[in-house]
Structures are given as C-alpha cells and as structure tokens.
Amino acid sequence: MVLGAYFRLARAGYVLAREGALSIVQNLPPALAPLRFGLWLGRLVERPSVRRTGHVERLNKALNRLGPTYVKFGQTLATRPDVVGPQVASDLAGLQDRMEPFDPALVPAILSSALGPKAAELTELSPPVAAASIAQVHRARLRPASGGIKTVAVKVLRPGVEARFMADIESFYAAARLAEGFVRSTRRLRPTEVVQTLDRSARLELDLRLEAAAISEMAENIKDDTGFIIPAVHWDQVAQNVLTTTWVEGIPIRDLAALDAAGVNRPELARKLMQSFLRHAIRDGFFHADMHPGNLFADRVSGDVIAVDFGIMGRINRRERRFLADILYGFITRNYRLVAERHFEIGYVPKEQSVDDFALAIRSIGEPLHGRTASDISMAKVLGQLFTITELFSMQTRPELVLLQKSMVLVEGVARSLDPNLDIWTVAEPVVGDWLRKEAGPLGRIEDLKEHFTAIANAAGRLPVIAAQAELALAQYNVEKARPRDPWMRRAQIGLMALAAVTLLVVLWEMLG
C-alpha cells in the first residue's frame, strides 16, 4: 500500500512536469528554496512545445487523468488567473463541470439499485448536463405517487470514484511525509494534518446523503436571507450515490458575455457572492467550501447567486468565527495591532515572537491594498509576501481552517472576475461590522455566558468521577500503608495522589475561568 502510494506520487510528478505544471511555479519564497533544484530537475522532462511557447494546454487533461483530487486542485487554480496566468486559468476552467461523463447507459441500473421502487418515479432522464470529478448531473422529471410532476436534477456518483479518491489521498500522505522528512521548513505547515483535513472532506463528499443534509442545514440558516438561492432536496430519491434536488435555472457565473446580455449587474452579483459567503462563515459557521464557477449561477430575473454542489462544506466554531471577523475588521479599519493579537491568541504565531514586529509585517501587506481595486492588486505577490512572513515568524498551519482559507481564495477570485473594480474591504464591512457589533451587544454577551455555563456544567459533571478516583487512590494508600514500606512504591503512591490533585485543580480552574 505504501509503495503503491509513492509510485502514484512519482507518476503524478512526472505527468505534471511533462505537461508544464512546474513552469507555473516561479519565484519560490525563501522558505521553499530547497525545492528549487527539484523544480529545475523536473522541468527537464517538459514537452518541447511547453519550453518553446510556455503554453500548457494539456494540463487540463493531465489533471483529469491523474484523479479527482488533482482535478479539485485544478479547479481552484482556474479561479486565479492573477496567480497562474490567464491562459492556464482558461485551460483549467474545463475541469469545473465540463469533464468527460461516464456512460449514461449505466445510470438507470445505478438508480434502480440505489433507490429501489422509488427509482421508477424518475422519468425522462436527460443526457449528462454537467460532469465533474466525482459525479455527473442529469435532468429528469419526478412523478411521485402522491401526484404532481416536477423537473429535478439527479446527481450520480461516478462508478469506482471512491477507490480513485482513496488512492489519490494515499499519494498525498506520501507527499506530506516526504516534505516533512526532507524539507524541514515545511514542518511548521503541518502537511500531514492538512492532508488529514482533505481526507475527511473527501470521505464526506463521497456520501450524497450527507450532501443532502448539508443542503437542508444551509436552507434553515439562510431562510430569511436574500441574494443567495439553493435547491431543495427530494429525500425519497436520495441514497449514498444518488442525490435528487429541485432543478435550478440560471446563467453560469463564468459566462460574462451571457451575464451582460441578460442585463445582470455584475458588480452587484460580486457583492452578493462575497457578502453571502462571509455571512455564512461568520454568522453561521457553516459555509459552501467548493464555490468554483462551475457551481455558481446567476438568476436571470433577480440577479441573485444560485449555488449547487454542497459536497464539500466548511464548519468553524464561534472562536474561529470571531478570529475571522476580527482579522477582516482589522484590515478594514487598518487596526494592524488587532490583527496581530488575534493571530497570537488563536495560535498561528508562537508566543515567543514579538506582537509589535508581527503587526508591522501585517501593515506591510495591508497598507498597499487599501484604496485599490481588485484589478490593481497582484494576488500572486500578496501570497508570496504572506508566505515569507509565515516563515519569518515561524507560523504554523491551523488544519481546521484550511477549508476556510481555500474557500476565501476561491470566492475572492470569482468575485474579482465579475467585477475587476471590486473593493473587498468596502464589500466586507457591512457583514463583518454588523456581526461584531452584535457580538459586543447584549445578545453576544448572552452567548458568551451560555458558553461559560456549558463549560462549567461539563467540568462539574466530571467531578464525581474524579472524586471516586481520588477515593479509590486513598483507599489503596491506606491498604498499602499497613504493609512494609517500599520506597519505590511510596513514590508511586505520592505521584498518583499528586496527579489526582492536579486533575482536580484543572477542573476547578475551568469552572472559575
């Protein structure tokens, strides 16, 4: 299994190098200097056409051939022409929903096996209308026994995709182990833990019942919102490998010409997209974590955002939501000290580093961004500067925030493609500011008290167990006390009693703090 993972990793490296993927990686930050020789070596196997023209037209096919997780990576790069270049981004855009579908003739048997008698209620199944890395979508008519006919979208997992996903993940683990073993500077980035996060996300994405549940939860969260539309689930036609939802009609958000022809206000659409994402992340702590253009549409009438494909969802707790809001608000108000302090509090920056020096480094990033539109900002340079600062201050990756960070890169990339004059700080302020003002008010205080009382109750619930353990330790001590004294046993008894005392003090500290 392990050897197979390293073999797949080597094959992936060769295929990507052959098709010119390494030519995209230029001007590595100092932290990754040890990789420069490897990149130079890898570029020796590039196709002559890539070396001659610099074009990487075949990268799309290469990622598709390597597997679904590589496709996911390509989908993210496709939203960042400012990082990988317009030509590469355009080539990779086909990975978002225009991949080669599997044989539609297999679909009726898959539906019958997964849904049983309920499969018969799905009729007039169309050819695939969209095909992505793990599934394809068909249009159909739902004729339930209760009556009525509805147009629905039927999503079907690709046969064998689970095995391909797991094989990809194994090779990613192999890459993480190699990075940690041979490039010491990458250890602070905790690559193995990052892969574990992606692994959990992939396993959830491969069960469409969980995607249905995610749609249901988000529908409850946004029921009073405007500007963001999602489909509804038809639960009778849901299984591990089949998901049926209402059919949603809209203009693909990447089709800028069609948006303009329909009179859709693109700057307003970009605003709705950014603010909806921030609202879901900061207010709800539950957000769509795969918002590439293939999953986004615009309503022809209202100009609202329509989102599909909820297989990858992100979830952050209240502390992490407060961190995100404070970071954004600090940049909006140019309070770089606040940004620095929050990074220390959540554990991004080791405590032995200087808060003042880190605030200065953050200022060096934030100040050049203010008053500039998206078209004036080189995200490639910003990301390079960020990586240099993470190395300078020995910052560590927080794996639980990986999906949030990836999603912010995706959403910002899509929004800037809709509106090159987008000012992300102006757009973000109403959502971030309102939430922080609410947190500082009575409702936020009540929520804080609720969390404290929960912590106290949990700690109090552990007290009887600790008391019983202490009582047992005391009884054993009394028994042993009557026996001939053994100095080593005596030390063990003292250690046990000290451990019980420390545990009790920790619980009392939780209750009081």
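## An open sheet and the helix across it

I229 stands opposite I306, a residue of strand β10. This is a predicted model. I229 belongs to β5, an edge strand spanning 228-229. β5 pairs with β10 (residues 305-307) in the parallel sense, over 2 bridges.

The sheet is open and has 4 strands. Their order is β5-β10-β9-β7, and the pairing is mixed. β5 sits at one edge and β7 (251-252) at the other; each pairs on one side only. Helix α13 lies across β5, β9 (296-298) and β10. The helix runs at about 50° to β10.

## Strand β4 and its two partners

Strand β4 covers residues 150-157. Is β4 mostly covered, or mostly open? Of its 8 residues, 6 are buried, and the strand is mostly covered.

β4 pairs with strand β3 (residues 135-142) through 8 bridges, and the two run antiparallel. β4 also pairs with strand β6 (residues 242-246), here through 5 bridges and again antiparallel. In general, strands of a sheet pair through backbone hydrogen bonds, either parallel or antiparallel.

## Aromatic pairs

The model holds 7 aromatic pairs. One of them joins Y70 and F172. Their ring centres are 5.2 Å apart and the planes meet at 85°. An angle over 60 degrees counts as edge-to-face, so this pair is edge-to-face. What does the pair tie together? Y70 lies in helix α5 (residues 68-78) and F172 in helix α9 (residues 161-182), so the contact ties together parts 102 residues apart in sequence. Y70 has 9% relative accessibility. The cut-off for buried is under 20%, so Y70 counts as buried.

F277 and F287 form another edge-to-face pair. Here the distance is 5.6 Å centre to centre, with 80° between the planes. F277 lies in α13 (residues 266-284) and F287 in strand β8 (residues 286-288), so this pair ties together parts 10 residues apart in sequence. Both F277 and F287 are buried. The helix that carries F277 is the one that lies across β5, β9 and β10.

## A ring cluster

Which residues do ring pairs link into a cluster? They are F331, Y336 and W425.

Definitions and conventions:
Residues numbered from 1 in each chain as written. Predicted model: local features only at pLDDT ≥ 70, side-chain atom pairs only at ≥ 80, totals over all residues. Heavy atoms only, no water. Buried < 20%, exposed > 50% of the residue type's maximum accessible area, 1.4 Å probe, protein only. Pairing = 2+ DSSP bridges. Phe/Tyr/Trp six-rings, centres within 6.5 Å; stacked < 30°, edge-to-face > 60°. Contact = heavy atoms within 4.5 Å. Axes fitted to C-alpha atoms, helices over the stretch in contact; angles between N-to-C directions.
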